[in-house]
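Which strands pair, and what do they pack between them?

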Amino acid sequence: MEQLTHLYDPPYYVRNVRVTQGDELVFAADVDFSISENPAFRFSVRPRKAGALRARVTDSNERSFESTAP
């Protein structure tokens, strides 16, 4: 709650996480609960084929963010 106006900030959070390697899905999370301001997800991957890991995250404002790791 904002202390001066007593109004609440609108919700803003991670809604969806998808991690792929090539065309294969290796991790997925549909988040419907509050997580930290700087969220971290931990999972294990055994590389089965060559290719970078690609993460795509969608937030509650329908904005998407992508990152790739070699």
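Two strands count as paired when DSSP finds at least two bridges between them. Keep that cut-off in mind while reading this predicted model. β1 and β2 clear it, with six bridges in the antiparallel sense.

β3 covers residues 53-59, and it pairs with β4 in the antiparallel sense. Six bridges link β3 and β4. In this pair, R56 has E66 of β4 as its bridge partner.

How do the four strands line up? They make an open sheet in the order β2-β1-β3-β4, with antiparallel pairing. β2 and β4 (64-69) stand at the edges. Each has a single partner strand, so one side of each is left without a neighbour in the sheet. Neighbouring strands are turned against each other by 15 degrees on average, direction ignored. Strands of a sheet pair through backbone hydrogen bonds, in a parallel or an antiparallel way.

Next, the side chains. In soluble globular proteins, nonpolar side chains tend to be buried together. Here the largest nonpolar core has six residues: V14, V17, V19, F27, A29 and V31. β1 gives the largest share, three residues.

V31 deserves a separate look. Which residues does V31 contact, leaving aside its neighbours within four places in sequence? They are V14, R15 and F41. V14 is also a member of the core.

Finally, step back to the whole chain. The protein chain has four strands and zero helices. Along the sequence, the pattern reads β-β-β-β. The radius of gyration is 16 Å, well over the 11 Å that the globule rule gives for 70 residues, so the chain is more spread out than a compact globule. The C-alpha trace spans about 55 × 20 × 20 Å along its principal axes.

Of the 70 residues, 14% are buried. The accessible surface comes to about 6000 Å², and 51% of it belongs to carbon and sulfur atoms. Among contacts with a separation of 6 or more, 47% join residues 24 or more positions apart.

How values were computed
Residues are numbered from 1 along each chain as its sequence is written. This is a predicted model: local features need pLDDT of at least 70, side-chain atom pairs count only at pLDDT 80 or more; totals for chains, interfaces and linings use all residues. Side-chain values use heavy atoms; hydrogens and water are left out. A nonpolar core is a set of buried Ala, Val, Leu, Ile, Met, Phe, Trp, Tyr and Cys residues joined through side-chain atoms within 4.5 Å. Buried means under 20% relative accessible area, exposed over 50%, partly exposed in between (1.4 Å probe, protein chains only). Helices (H or I, at least four residues) and strands (E, at least two) are DSSP runs, numbered from the N terminus. Contact means heavy atoms within 4.5 Å. Axes are lines fitted to C-alpha atoms, for helices over the stretch in contact, and angles run from 0 to 180 degrees between N-to-C directions. The radius of gyration is taken over C-alpha atoms; the globule rule is 2.2 Å times the number of residues to the power 0.38. Accessible areas come from the Shrake-Rupley method with a 1.4 Å probe; for residues, only the protein chains shown count as cover.
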